[in-house]
Amino acid sequence: MPAPKEPVDPKQQDASVDTSEHLEVNDAQGASDNSDIDQTQAQEQLAAEEDWATLLSESQAKVAQYHEELLRAKAEVENIRRRAQEDVAKARKFGTESFAESLIPVRDSLEAALALTDQTAQAWKEGVEATLRQLNTAFERNLLKEVAPVEGDKFDPHVHQAISSVHSELPEGAVVQLLQKGYTIADRVLRPALVMVSSGPHS
């Protein structure tokens with residue numbers, strides 16, 4: 001004989017129904033929350049990808065800009081180098097022309113002096129002196145200066161060349177005698193002056 005069924009308490013039945021419905025509601029809310037989290041994460045990932053894409057685009061634009069600036073700078077340097085070479089070539093050309101123009105009158109004077117066969121020694125001397133003045137003028141126009149130290153001047157290795165050292169009453173390192181003049185052009189030594197230098201008095 002089957003056991004008689006125990007009567008169900010209506011309150012317990014309602015509580016069971018409420019619990020089931022509450023679990024279903026919680027499950028639904030949990031699923032909704034998870035969906036919201038997934039959507040938020042997707043949005044954040046999309047935003048991050050967009051940020052990286054923007055950063056990459058900006059970086060590529062900067063690289064292109066720097067490359068263009070580098071090419072311009074390289075072209076400008078090449079133009080400066082070419083202009084400098086042209087300026088140097090022109091300076092050499094016109095510098096030579098200027099010096100040649102200054103020397104032409106000197107040559108004319110020398111040829112004129114040689115063409116005169118019946119001139120006196122005094123006239124010859126005066127003609128040579130006049131020609132020398134023309135030559136000095138040509139030197140001055142082209143910044144060509146003589147280096148002619150006198151006795152007692154201090155020896156300067158930049159513009160003097162010592163041929164020998166001799167005992168003298170002058171201090172050691174002083175110029176004793178000029179053997180040959182030197183010349184500079186625009187402060188550049190063309191030929192040093194040849195000199196004898198004092199080694200001081202006898203000990």
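How many bridges join strand 4 to strand 5? Three bridges join strand 4 (residues 182–185) to strand 5 (residues 188–191), and the two strands run antiparallel. This is a predicted model, in which local features need pLDDT of at least 70, side-chain atom pairs count only at pLDDT 80 or more, and totals for chains, interfaces and linings use all residues. Residues are numbered from 1 along each chain as its sequence is written, and side-chain values use heavy atoms, leaving out hydrogens and water.

**Overall layout**

- The protein chain has two helices and six strands. Helices (H or I, at least four residues) and strands (E, at least two) are DSSP runs, numbered from the N terminus.
- From the N terminus on, the order of elements is α-α-β-β-β-β-β-β.
- Of the 203 residues in the protein chain, 12% are buried. Buried means under 20% relative accessible area, exposed means over 50%, and partly exposed lies in between (1.4 Å probe, protein chains only).
- The protein chain exposes about 16,400 Å², and carbon and sulfur atoms supply 57% of that area. Accessible areas come from the Shrake-Rupley method with a 1.4 Å probe; for residues, only the protein chains shown count as cover.
- Among contacts with a separation of 6 or more, 62% are between residues 24 or more positions apart. A contact means heavy atoms within 4.5 Å.

- Two strands pair if DSSP finds at least two bridges between them.
- Thr184 has Val189 in strand 5 as its bridge partner.
- Two residues lie between the strands of this hairpin, where Ala186 takes a positive phi near 55 degrees.

**The aromatic cluster**

- There are two aromatic pairs. Rings of Phe, Tyr and Trp (its six-membered ring) pair if their centres lie within 6.5 Å; planes under 30 degrees apart count as stacked, over 60 as edge-to-face and the rest as tilted.
- Phe99 and Phe139 have ring centres 6.4 Å apart and planes at 15 degrees, so this pair is stacked.
- That pair links distant parts of the chain: Phe99 is in helix 1 (residues 10–115) and Phe139 is in helix 2, 40 residues apart.
- Phe99 is partly exposed, with a relative accessible area of 25%. Phe139 counts as buried because its relative accessibility is 17%.
- Phe139 and Tyr183 have ring centres 6.0 Å apart and planes at 80 degrees, so this pair is edge-to-face.
- The pair again links distant parts of the chain, with Phe139 in helix 2 and Tyr183 in strand 4, 44 residues apart.
- Tyr183 counts as partly exposed, at 22% relative accessibility.

**Leu179 and its surroundings**

- Leu179 lies in strand 3 (residues 175–180). At 42% relative accessibility, Leu179 is partly exposed.
- Leu179 touches Ile163, Leu194, Val195 and Met196, not counting residues up to four places away in sequence.
- Leu179 and Ala193 are 14 residues apart in sequence, with their C-alpha atoms 7.6 Å apart in space.

**A nonpolar surface patch**

- Leu114, Trp124 and Val128 form a nonpolar patch on the surface, with about 320 Å² of accessible area together.
- Patches are made of residues with over 30% relative accessible area and no salt bridge; like charges are joined within 9 Å, and nonpolar side chains (Val, Leu, Ile, Met, Phe, Trp, Tyr) within 5 Å. A salt bridge is a side-chain nitrogen of Lys or Arg within 4 Å of a carboxyl oxygen of Asp or Glu.
- Trp124 lies in helix 2 (residues 121–141). Trp124 counts as partly exposed, at 40% relative accessibility.
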